[in-house]
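Thanks for asking me to look this one over. Here are my notes, point by point, to read with the model open beside you.

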Amino acid sequence: MKAKRWLLLAGLSLLGLSGSAQIVKALDADQDATQVAFVRWRGGSFPVENFQAYTSAYGYRLSATGGYSTEMHRGLDLAAPEGSFIRSWWAGKVIEVSDDSGCGTSVVVQSGNWTHIYCHMQGYAGRDLRGRYVNSGGLWIREGQQLVAGARVGRVGMTGRTTGPHLHWGLKYADQWVNPAVVLRAMYAAQAPAQTISRQPELDNQ
């Protein structure tokens, strides 16, 4: 576990962290104490199981499907084996399911002022008498469904515009795009002390 946490942190240190860092700082600045700000981020869940690497950062990049044109990449790509579970970053309400864009089979969750988007999942979207749903590798998620943080919302796939299995994870705050790497760093800073304490006996015995 300790090695995995360092892998996550080391990977994040290589990503572009400018711009949306101000949003996270502003959120923490309205707290009465630093400890309260830390508690804020302890409720989040890392959005994919069997994480392997960060494969594309937030920001401008060369087109992912070839050529020399640049495009704005409004999210963070997290590689994981196909079929790995995708988890809801925060508790919230499913406001959209889709499979008709470059995002592929996708779920959008609303958590207060935050919107989190999960793209390129396995499966398909459909509609029945109860409304619109996504069937992602046997997981059924419906528009209007309430989720807890860490709930499984789908499986890593290759639907939509993608060159390999990964989760494209997008974040908005007050309808403004946010660099997810900044949020993960804030979560790491808040959660690492608690994880270190809870895991210390196990680590000492290794």
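**Notes on the predicted model**

1. Where pLDDT is low, the predicted coordinates should not be read in detail.

2. A word on the ground rules. This is a predicted model, in which local features need pLDDT of at least 70 and side-chain atom pairs count only at pLDDT 80 or more, while totals for chains, interfaces and linings use all residues. Residues are numbered from 1 along each chain as its sequence is written, and side-chain values use heavy atoms, with hydrogens and water left out.

3. For the chain, the mean pLDDT is 79, and 68% of the residues reach 70 or more. Residues 13-18 have pLDDT below 50, and this stretch has twelve contacts in the model beyond near neighbours in sequence.

4. Now to the largest nonpolar core, which has 32 residues. Such a core is a set of buried Ala, Val, Leu, Ile, Met, Phe, Trp, Tyr and Cys residues joined through side-chain atoms within 4.5 Å; buried means under 20% relative accessible area, exposed over 50% and partly exposed in between, with a 1.4 Å probe and protein chains only. Among the members that touch the most others are Trp-41, Trp-89, Tyr-118 and Trp-169. Elements giving two or more residues include strand S4 (76-79), strand S8 (114-121), strand S14 (166-173) and helix H4 (180-204). H4 gives the most, with five residues. Helices (H or I, at least four residues) and strands (E, at least two) are DSSP runs, numbered from the N terminus.

5. Not counting residues up to four places away in sequence, Trp-169 touches Pro-47, Gly-75, Leu-76, Leu-78, Trp-89, His-116, Ile-117, Tyr-118, Pro-180 and Leu-184.

6. Is His-166 buried or exposed? His-166, in strand S14, counts as buried because its relative accessible area is 9%. Its side chain makes a polar contact of 3.2 Å with the side chain of Thr-162 and reaches the backbone oxygen of Gly-164 at 2.9 Å. (A polar contact is a pair of N or O atoms within 3.5 Å; within protein, one must be able to donate a hydrogen and the other to accept it, and residues adjacent in sequence count only if both atoms are side-chain atoms.) Beyond four places in sequence, the contacts of His-166 include Asp-77, Cys-119, His-120 and Val-156.

7. Ser-106 lies in strand S7 and is buried, with a relative accessible area of 5%. Apart from residues up to four places away in sequence, Ser-106 touches Glu-96, Val-97, Ser-98, Tyr-118, Cys-119, Met-121 and Val-134.

8. Finally, please look at the open sheet of three strands, with the order S9-S10-S11 and antiparallel pairing. Two strands pair if DSSP finds at least two bridges between them. S9 and S11 are the edge strands, each pairing on one side only. S9 (residues 124-128) meets S10 over five bridges, with Tyr-124 partnered by Asn-135. S10 and S11 (residues 139-142) share four bridges, and Tyr-133 stands opposite Arg-142. In S10 (residues 131-136), six of its six residues are buried.

Terms used: pLDDT is the predictor's confidence in each residue, from 0 to 100. Contact means heavy atoms within 4.5 Å.
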